[in-house]
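Here are my notes on this model. Please read them with the structure open.

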Amino acid sequence: MLERIKETAAFLKQRIRSNPRIAIILGTGLGRLTDEIVAPYCIDYKDIPHFPVSTVEGHSGRLIFGKLGGQDIIAMQGRFHYYEGYDMHEVTFPVRVMNEVGIRTLFVSNASGGTNPLFDVGDLMIITDHINFFPQHPLHGPNVGDGPRFPDMSEAYSKDLIALALKIAAEKRIHVQQGVYLGTQGPTYETPAEYKMFRLWGADAVGMSTVPEVIVANHCGMKVFGVSVVTDMGVENRIQKISHEDVQKAADASQEKMTELMREMIKRSGDATNQ
């Protein structure tokens, strides 16, 4: 696996005209943030050696290099999911490659179902912690790279970046929530009983991604910031039938405030990241 990571990283390094230290993984319906990237250079996943290919509607499937908030960045427009049939090493392969090309800070976003009764559809939830409910662990097997065999996860999401996000949200008057994200394998949406169970466990939102990527990013020593767009509610008497199209539509409606928050965060965090 390490050989494939290095081969893919070498392929990208030959094509990157900058020295990015920040990467973004964009979730369902949130790909429009890439419209903000200045001087973009794009590579389709299918053209990158050893890269999986995204099969989910709303995930464009390309890697974008350019500037956002004045900082050199890499953006994944579309991610890979366990429910697509990939194993966890494939799901998290791009994070390993990002680490190899020098990424030190990872921003992740996703669409989620809200289990906190104080939330509403369209809310942005800054992720403060997560619960891993996937059946396969992304670090299972031989220890890859230089990361510790038993990584500490007491600060999986950077407290400094969370504080920065809250400061920016207050300045820009962007309404945000904070909470715990629970990652499950999908692809079914949760039953009412499952939503209730996850809430009892301490989850504020539930989705089908992010957790594996964050675990591997921490294993690589990256700082991580995560945000969820609440696209439906898993709260008793507020649960409605939901489709992927509904999720995309709800996520799309939140793109403007998501873009403003992410752009400003990257702008302000970039100087520290590049030191």
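1. This is a predicted model: local features need pLDDT of at least 70, side-chain atom pairs count only at pLDDT 80 or more, and totals for chains, interfaces and linings use all residues. Numbering starts from 1 along each chain as its sequence is written, and side-chain values use heavy atoms, without hydrogens or water.

2. The largest nonpolar core has 76 residues. Such a core is a set of buried Ala, Val, Leu, Ile, Met, Phe, Trp, Tyr and Cys residues joined through side-chain atoms within 4.5 Å. Leu12, Leu106 and Met265 have the most contacts inside it. Leaving aside neighbours within four places in sequence, Leu12 is in contact (heavy atoms within 4.5 Å) with Ile43, Ile48, Leu63, Phe65 and Val97.

3. Alanine 203 lies in the loop between helix 5 and strand 8 (205-207). Helices (H or I, at least four residues) and strands (E, at least two) are DSSP runs, numbered from the N terminus. Alanine 203 counts as buried because its relative accessibility is 0%. Buried means under 20% relative accessible area, exposed over 50%, partly exposed in between (1.4 Å probe, protein chains only). Not counting residues up to four places away in sequence, alanine 203 touches Thr115, Ile131, Val180, Leu182 and Phe198. Glycine 114 is 89 residues from alanine 203 in sequence, yet 8.7 Å away in space, C-alpha to C-alpha.

4. Methionine 197 sits in helix 5 (residues 192-201). Its relative accessibility is 31%, so methionine 197 counts as partly exposed.

5. No disulfides (cysteine sulfur pairs within 2.5 Å) turn up in a search of the whole structure. Cysteine 220 is buried at 15% relative accessible area, while cysteine 42 is partly exposed at 34%.
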